[in-house]
Amino acid sequence: MTNPNNISLNISHALEFIDGHALNIPTLKILSEDGDILDGATAPDLDKETALRIYSTMRFIRLLDERMQAAQRQGRISFYMQCLGEEAAITASAAALKQEDMIMAQYREQAALHYRGFSLEQFMNQLFSNEKDLGKGRQMPVHYGSNELHYLTISSPLGTQIPQATGYAYGQKLKHIDAQSGELSSEIDNVTICYFGEGAASEGDFHAGLNMAAVHKAPVLFFARNNGYAISTPADEQFKGDGIASRGVGYGIKTIRVDGADTLAVYAATQKAREIAVTTGEPVLIESIAYRLGAHSTSDDPSGYRTKDEEAEFKSNCPVARFKAWLLKQGWLNEEEDEAQKDKIREEILAALKVAEKIQKPALEELVSDVYDTPIPALQKQYEELKEHIKQHPDAYPITAGRIK
């Protein structure tokens, strides 16, 4: 029987509607809040070196976020966004990938970048938009990017990376398609992971990206960070369905929901999702359930939309402390050494901050120097007009005015 409508061919003679919550999606949880493997759960194969690298990344990002949040309040940088409460979700998922897999982030995934080797100095140079910044000072703080580390530069508009990830992943797959049969001729080398929040899943790009990935079978891992709030809008005012995972099923995509504060669960889920993507060439959706412990950004005040009691409830389930407890029970971490390392990292962060904030800003000509091989006349005209404007109003541009030739 032909099936031009592409539907399940189940026939019913009863008038019955399917309830909007008929699909009951479980949440994978492996590690207890005390750092024990839960009864019936199976821990992933995680070696000591990788486990400690995950923890050191989480620890570093927690301390970096702490310091740079304060730096913004001091007026030393203009903007900042913390990963607070989602360190396990980001770090463990990045650890389950290959170094050459592409990462397309939203803006709270600095842990994934540091896990790959982005240095403290590189973080600081970007945050201060100085002349050593890889982005040449053209981006807001926390809008990182690294060609070397396969981390696409972050874009502020929500959701734009989702269809881009589908297209990029499809390109990764094309290299392994047999020209005669149109089928996979070999296992795919690399995949793309795309991070976004549950708020971004309300964008049209989310639906376009997932549907395109499902139809064209692109090896992309969609990693939805459901942290409860889209800035100030709680999840129950964003959607009525069962989280974001239910949408993956609706698009015909293999889907799993995980406890985003559980490092082992996230690592296991992402590792399996990548295996599915490279062997079948198809997408997978992972929904991480965590809680955004901090404000949306330094421009936000969460006291206007949630209570201190609610925050205190979730602070007790700290992902960093939870994984640390497991490491201590494995005998892989020493409490005294850990505390000493924290003090050392704090000192290094402060020292790097003081260096980066004194480095010069990029020269004005960097605005147009590599947009084209040679600036086109219209761009050159705009550049000259900008220089004249700055010369006429030097007090408004104290840093740039003295460096114009």
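This is a predicted model: local features need pLDDT of at least 70, side-chain atom pairs count only at pLDDT 80 or more; totals for chains, interfaces and linings use all residues.
How many of the eight residues of helix H4 are buried? Six are, and H4 is mostly covered.

**Helix H4 and its cover**

The buried residues of H4 are Leu 120, Phe 123, Met 124, Asn 125, Gln 126 and Leu 127. Helix H1, helix H3 (110–115) and helix H11 are among the elements that cover them. Just past the end of H4, Ser 129 has a positive phi of about 50°.

**Helix H11**

H11 spans residues 335–356, which makes 22 residues. From first C-alpha to last, H11 reaches 31 Å, close to the 32 Å expected at 1.5 Å a residue. At its start, Asn 334 places a side-chain oxygen within 3.0 Å of the backbone nitrogen of Glu 336.

Which residues of H11 are buried? They are Asp 338, Lys 342, Ile 345, Ile 349, Ala 352, Leu 353 and Ala 356. Why do they lie on the same side of H11? Because they cover an arc of only 100° around the axis. That buried side packs against three helices: H1 (48–73), H4 (120–127) and H10 (319–330). The face turned away from it carries Glu 336, Glu 337, Glu 347 and Val 355, which are exposed.

**The sheet**

The model also holds an open sheet of six strands. Its order is S2-S1-S3-S4-S8-S7, and the pairing is parallel. Strand S2 (151–152) and strand S7 (254–259) each have a single partner strand, so one side of each is left without a neighbour in the sheet.

| Strand pair | Bridges | Sense |
|---|---|---|
| S1 (residues 102–104) and S2 | two | parallel |
| S3 (residues 192–197) and S4 | six | parallel |
| S4 and S8 (residues 284–289) | six | parallel |
| S7 and S8 | six | parallel |

Met 104 has Leu 152 in S2 as its bridge partner. Gly 197 has Arg 225 in S4 as its bridge partner. Ala 224 stands opposite Glu 287 in S8. Thr 255 stands opposite Leu 285, also in S8.

**Strand S4**

Are the residues of S4 buried or exposed? S4 covers residues 220–226, and seven of its seven residues are buried. Both faces are covered. One side carries Val 220, Phe 222, Ala 224 and Asn 226. The other carries Leu 221, Phe 223 and Arg 225.

Six bridges join S4 to S3, and six join S4 to S8. Arg 225 is the partner of Gly 197, and Ala 224 faces Glu 287.

**The S7 edge**

S7 stands at an edge of the sheet. Its pairing with S8 is parallel and runs over six bridges. S7, helix H8 (residues 263–280) and S8 form another β-α-β unit, which is right-handed.

**In short**

H4 and H11 pack together, with H4 among the helices that meet the buried residues of H11.

Methods. Residues are numbered from 1 along each chain as its sequence is written. Side-chain values use heavy atoms; hydrogens and water are left out. Buried means under 20% relative accessible area, exposed over 50%, partly exposed in between (1.4 Å probe, protein chains only). Helices (H or I, at least four residues) and strands (E, at least two) are DSSP runs, numbered from the N terminus. Two strands pair if DSSP finds at least two bridges between them. The expected span of a helix is 1.5 Å times one less than its number of residues. The arc is that of the directions from the helix axis to the C-beta atoms. Contact means heavy atoms within 4.5 Å. A polar contact is a pair of N or O atoms within 3.5 Å; within protein, one must be able to donate a hydrogen and the other to accept it, and residues adjacent in sequence count only if both atoms are side-chain atoms. A crossover is right-handed if, with the strands pointing away from the viewer, the path from the first strand over the helix to the second runs clockwise.
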